[in-house]
Protein chains: 4
Amino acid sequence: MSLLADLLSTVFERRYRRETPEMVEGDRSLTEITTALVGSMGEVSGLMLAQEILTRFAELGDSEKYEFFHYIASSMNIDPEAVRTALEEYERKPSKVSYHAFVVAAEPARQELIRRLNSVPNATKYLVKMRADLLRLGGKYSELQALDLDFRHLFTSWFNHGFLVLRPISWESPAHILEKIIAYEAVHAIDSWDDLRRRLEPTDRRCFAFFHPSMPDEPLIFVEVALTKGIPRSVQALLAEDRNTISADEANTAVFYSISNCQAGLAGISFGNSLIKQVTADLSAELSGLDIFVTLSPIPSLTKWLKQVGLTWNTDEPDNMKALAAHYLLNAKSRSGLPFDPVARFHLGNGATVHAVHADADLSEKGRSQSGGTMASYLYDLPQTIQNHENFANTREVVASSEVRTLAKPITLFVAKKTHD
Amino acid sequence: MSLLADLLSTVFERRYRRETPEMVEGDRSLTEITTALVGSMGEVSGLMLAQEILTRFAELGDSEKYEFFHYIASSMNIDPEAVRTALEEYERKPSKVSYHAFVVAAEPARQELIRRLNSVPNATKYLVKMRADLLRLGGKYSELQALDLDFRHLFTSWFNHGFLVLRPISWESPAHILEKIIAYEAVHAIDSWDDLRRRLEPTDRRCFAFFHPSMPDEPLIFVEVALTKGIPRSVQALLAEDRNTISADEANTAVFYSISNCQAGLAGISFGNSLIKQVTADLSAELSGLDIFVTLSPIPSLTKWLKQVGLTWNTDEPDNMKALAAHYLLNAKSRSGLPFDPVARFHLGNGATVHAVHADADLSEKGRSQSGGTMASYLYDLPQTIQNHENFANTREVVASSEVRTLAKPITLFVAKKTHD
Amino acid sequence: MSLLADLLSTVFERRYRRETPEMVEGDRSLTEITTALVGSMGEVSGLMLAQEILTRFAELGDSEKYEFFHYIASSMNIDPEAVRTALEEYERKPSKVSYHAFVVAAEPARQELIRRLNSVPNATKYLVKMRADLLRLGGKYSELQALDLDFRHLFTSWFNHGFLVLRPISWESPAHILEKIIAYEAVHAIDSWDDLRRRLEPTDRRCFAFFHPSMPDEPLIFVEVALTKGIPRSVQALLAEDRNTISADEANTAVFYSISNCQAGLAGISFGNSLIKQVTADLSAELSGLDIFVTLSPIPSLTKWLKQVGLTWNTDEPDNMKALAAHYLLNAKSRSGLPFDPVARFHLGNGATVHAVHADADLSEKGRSQSGGTMASYLYDLPQTIQNHENFANTREVVASSEVRTLAKPITLFVAKKTHD
Amino acid sequence: MSLLADLLSTVFERRYRRETPEMVEGDRSLTEITTALVGSMGEVSGLMLAQEILTRFAELGDSEKYEFFHYIASSMNIDPEAVRTALEEYERKPSKVSYHAFVVAAEPARQELIRRLNSVPNATKYLVKMRADLLRLGGKYSELQALDLDFRHLFTSWFNHGFLVLRPISWESPAHILEKIIAYEAVHAIDSWDDLRRRLEPTDRRCFAFFHPSMPDEPLIFVEVALTKGIPRSVQALLAEDRNTISADEANTAVFYSISNCQAGLAGISFGNSLIKQVTADLSAELSGLDIFVTLSPIPSLTKWLKQVGLTWNTDEPDNMKALAAHYLLNAKSRSGLPFDPVARFHLGNGATVHAVHADADLSEKGRSQSGGTMASYLYDLPQTIQNHENFANTREVVASSEVRTLAKPITLFVAKKTHD
């Protein structure tokens, strides 16, 4: 990775960055510089202004950041009158000129501002952080929400899947990347460098992350994979310190047991589906013995839903827990008709199927509290996912293995009966 | 470079590319698939549709390409009525929802189409070629010109300067990159691999190119540099096979003697200014002996203008040729008030100054014909360029060395007198 | 490759190399410096002396080089009396001290000289060239032959197979490596860069070379490979400009059609066997469709031998040519009992078998002259080569396909009869 | 680094390693295979034998390892009678043949054995470990000491300075390299990954290591450097968690505060001098503000020597401690006439000078015990080191700054007086 970083951090950057603080802009306010940047005629002075804005913004406190956002949201918005005029002119006489005038009018100046900020080397990372601030500070203000839509619009273009790079993460990866893996792991916390090594170094473990070429030191999302014989029934067994390591050749199953998004500023721009499918494709090419690609996933809203519908559970009865979980995954829906469970929604939306449920599978405090310790396995049968995905998108039907369907039956019957009664 | 290529060509690509041709889309027409892609709910089937569109398009003849462009230009345009409705709703009640609805309405679906096409690995290169086709085929059709604005809008975002990577090109560069340098050299043609080696291998020669991470095998623009003692007076001397090579440490001058754009599909997206300035910064950091950064540039419209204004010239009188060229660079303007000469326009717009003119400096047929063999040197004094650039943008005043101003004087006086008479 | 070069050319080198010429050694003769280097107590002054010796040597004419070799061959030889004394002391009282004294006495000082010369970065390349000079100049002088044994002894250690790196050579390889491929191709000359591209770029062509980490810009040996359906019968067909390219997946055969050693200074240090076997292993891992690994080889001494034994041939009778070639490969022996043909000796020694003979297979002037246009294919069946190799080493029996044995029969009978008569 | 590793671990290796365990050699003893390897005629079967020996050896217990060493030390020794015969033949008739026969006879077969073991990819690392075992097990046995001389002879050739690669170690280096830095740090222990980061990540810290291309995952030696304003007076201040970081540009001094050898199996093959000088050259090229290159070194034998000569010390009197240390460094000699202190011996031998002594400079238990908390700074003035080195080699005179000489005076006078009395 450091090589890619190397490629991408040009000498230009190193030199200009250093000189920036002494720039003549010291006596202009941030909003003045920002306005100047949007109006800037010059590429080079534009670079300097952009650099100064990014540098100054990073040092602001929250209330000043809010003011900055408010300023660009309100002063660099579209002008409806101008849009209307340009639109009418275009309708009257469609041409390159009239279309261009409309495009310019219909796009708020703040989009051009964000693009110009991004012309400085390394800016993308700062803009992603800026949007994280915006999401944190702007939640309730509708004018900031509109600004966020502009950020998101540009990020969708910049973080296009065609631009992403999948890289394996291993114990041979640079330490400054690995410490981010420790920090960003959101599912099963990594306690220490020794813990990290146990997840990366053994021959039956893999990890992959997506990177963007313009921020090569920042993983966007990563997935941890265990290579196993058969589908494991609990995360404790998977992560046990004294477990027996197998060679990658012996494995027939790849288990995606943790997927973590890394950048708060990229919220709403989804990478998970691509990641799982690229990793599945890579692993099946590398290890011909693998024929099952499956997750070991939390069921984060199970107990919440059980309470809502008034079903009780007892974690000491594993068979009953599995039946409840199976029923929930097959039948619990949100108002929109999609699965109630967010993780289920994600995997089914990707074209995966509900393959198995496990009791006593996540005995951490979080696991017990949110799902009574149950977990689910979603199966990624790559050639089948497209069909599944389209079916699901059209019909919202949950496809599950017969095992899961059989497990769910008693509860489903019971609920049906109860409802009927 | 092959390493960057390596990083960026994921296994995913290699696998999916191969399978594409056998896809089930065989019985759907290109426009049907294109429509399906814009409407596609699914990321994965979207990838396959996108791949198929790119593959099929590349094999079309010109008339079919024209039809394809016409189809997306007309059927995926904005709907003015929908824009107006959304705009009014937003004016009535500005909110995240109403702003989003406006944004969606104001952007033609073909922009989303191009973005989705770009989600396939390696797609960017194909889209750049697609726009080259569009520019070639669409010149006269206003609806295609509007489509080109959409391409250009997205390319401006994707080819943001912050995303570009400056790489030295040397005799140790990969042959498949070098053959593109041979092919794309637009100023002083490279005849053979031996000729190329003479431009790259000597210790007093450099070459740099901009690349984009998503098309690492395709230079976007490159500049050839000679390191010299003093400013050379002709391109013949610079490129002579039997010239004496000096060591880079001995040089006090870096001469940019050829700048070539490589991608017809990136027309209108300008990289030259950034390139020259980054290379200047890099070279001055690497070689502390360099204190002059200067071009040796053609004066492509000199004879054309001389004819227009009725001045005669005689290439056997070098002093007179220099005077004419100096006068032209200082005084010849287009209707917009900018310099008549496109090369002068470019360098003065970047903040360079007219530093010297040379007679008998380009004795090639092209050089004789367009400028009677004269050439110009523009000076890049980096700290001064920002001020120059802003002055020029505001006042359009041509800054030149006193030498050039003195050279121009007799002609200027003569012309003034003649005009007066 | 440039990256490896990069890694290995430390800043140290770049700096010290430049300062070398101005060193204070200017007034000492080359032999004085050489003597000083062997006696040098200091690592750093040693580096400077070594650098100076290498630099000065490279600029010498042949007669001075001869003198230099003569000097170190004679003045830095073993001292038999000292060896004998140390040996007796060791026999009397074997100990670390006495063994060390013997080792020092038994090794000529010139070996230590060569090792010290090699302590300068990049020295290895210069030492390889130095030995090439030695072989060229020293052929007839026994004292220089002994010196060559010392070079060879050290080179065998330095160019140990465990230190070599196999690298694919492709059209994406650096131009300065590719021009060496053009220069070193010894079997079927490469005429131009276009010719080179035809051997590297098509999907059904491969090339691999061995490199040593301390001279990463210099291939040691390379092999060109064609991927084909079935074994090709002539080199003309293989290299035809208008041939049909196939995809690598379609091929069932890998044909090694040219193997070239690159470094005259590494004569006698054999890399070919390792190269073929590593490439065979790599290709069979990459392309599962390959099941035949075979050469298309010249038969360089066929006509020479036919003349010696008084057999006549007619190139217009292909069947007869094949029979003669088959008979020759199976039966023609040198005095040592090994195959008369050097290429056959090489491949059979590696454990390959004679698989096929082809008439009209190399219609170049060289091909016609040395073998009447015939060529041979040797088969590398990797698991079988060890057994074959050991058999051959013990029994010198030539293993051939039944087809080749059948082809040879008429001639063998004829010769036997003639001999008997 | 992983890239270099990548380059050097060929597919060949990966494939052959896996197959090794099932080889037919299962029924031959280790000594039988070892004998077979030395006699092996075949390159390929040789590779397999070599791999098997390395694999089996690594799994042996100490007594079996001892037996293995004993076997090759005794059974593959030189045969004095054969040496004598060959020597006499060579004396009688010097020729390539007779010289070759002598060379073969004078070199014990175990050297050829070690070379053949090294022909397997990755073997070098195993051989370095093998020698570490030999040094550990063989200390007292003279026949094993002779064997060690053979290892060392070959390692000196293989680990020639011209083959080494200097690499910066940073927080961006691969974790598997960094964990070795933690493990090998021999001077000031690194307690944790956080501690390591404090030594690598700040802008005023550097670390460099030598690597060998054939064992790219194993640093051979590394040095830790602090960039400071002025020479620091204690290691506590240098490593304080709450110290103020400066930018590299502000520093005028580079302090080498820890140098650690990493490979027990490379004992006696010295890299430290080269390392310090290459790092000095690199840093002075990178940071023009640096003009002092100095160590902060322990004085490991100070208290030991003070006791020997009957001087007493009191760590509460820093001035007295500095005087004692200065006197010791200038005057304390071993029987050979070299400095008594091993660290002083090393740096003075490299051409450095004694620049300063510091009291209360290493307050760790080890520091207090071995030197009463004092430390020394040795100055590396690169252009001066060659002269210093040669002087020291000839005269053993200790060059010190006037400050140190002045400091030493009172003690020196006192000692002289006492001795005189």
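Reader: Where in chain D is Gly138(D) found?
Author: Gly138(D) lies in helix α9 of chain D, which covers residues 123-138. The model is a predicted one.

Reader: Why is Gly138(D) called buried?
Author: A residue is buried when its relative accessible area is under 20%. The value for Gly138(D) is 4%, so it counts as buried.

Reader: Which residues is Gly138(D) in contact with, leaving aside neighbours within four places in sequence?
Author: They are Asp133(D), Leu144(D) and Gln145(D). To count, heavy atoms must lie within 4.5 Å. As for Ala264(D), it is 126 residues from Gly138(D) along the chain, and the two C-alpha atoms are separated by 14 Å.

Reader: What makes His358(B) a buried residue?
Author: The same cut-off of under 20% applies. His358(B) has a relative accessibility of 7%, and therefore it is buried. Its place is in strand β7 of chain B, residues 353-358.

Reader: How do you know that the side chains of His358(B) and Ser377(B) are joined by a polar contact?
Author: The contact is 2.8 Å. A pair of N or O atoms must be within 3.5 Å, with one able to donate a hydrogen and the other to accept it. The distance of 2.8 Å falls within that limit, so the pair of His358(B) and Ser377(B) is listed as a polar contact. Beyond four places in sequence, His358(B) also contacts other residues, including Ile231(B), Leu296(B), Lys322(B) and Met375(B).

Reader: Why are α16(B) and α20(B) called roughly perpendicular?
Author: Angles of 65 to 115 degrees are given that name. The axes of α16(B), residues 318-331, and α20(B), residues 402-420, cross at roughly 85 degrees and come within 7 Å. The angle is inside the range, so α16(B) and α20(B) are roughly perpendicular to each other.

Reader: Which residues make that contact between α16(B) and α20(B)?
Author: From α16(B) they include Ala323(B), His327(B) and Leu330(B), and from α20(B) they include Leu407(B), Ala408(B) and Ile411(B). By class, the contact has nine nonpolar, four polar and two charged residues.

Reader: How do you know that chains A and D have the relation of a two-fold axis?
Author: Chain A is superposed on chain D by a rotation of 180 degrees with 0.1 Å of shift along the axis, at an RMSD of 0.0 Å. That is the relation of a two-fold axis. Both copies use the same surface, as 100% of the contact residues of chain A recur in chain D.

Reader: Which residue of chain A comes closest to that rotation axis?
Author: Pro174(A) does, with its C-alpha at 2.0 Å.

Reader: How many helices and strands does chain A have?
Author: Chain A has 20 helices and eight strands. Of its 421 residues, 56% are buried.

Terms used:
Residues numbered from 1 in each chain as written. Chains lettered and ligands numbered in written order. Predicted model: local features only at pLDDT ≥ 70, side-chain atom pairs only at ≥ 80, totals over all residues. Heavy atoms only, no water. Least-squares fit on C-alpha atoms with pLDDT ≥ 70 in both. Helix = DSSP H or I, 4+ residues; strand = E, 2+ residues; numbered from the N terminus. Buried < 20%, exposed > 50% of the residue type's maximum accessible area, 1.4 Å probe, protein only. Axes fitted to C-alpha atoms, helices over the stretch in contact; angles between N-to-C directions. Parallel < 35°, antiparallel > 145°, perpendicular 65-115°, else oblique. Nonpolar A, V, L, I, M, F, W, Y, C, P; charged D, E, K, R; others polar.
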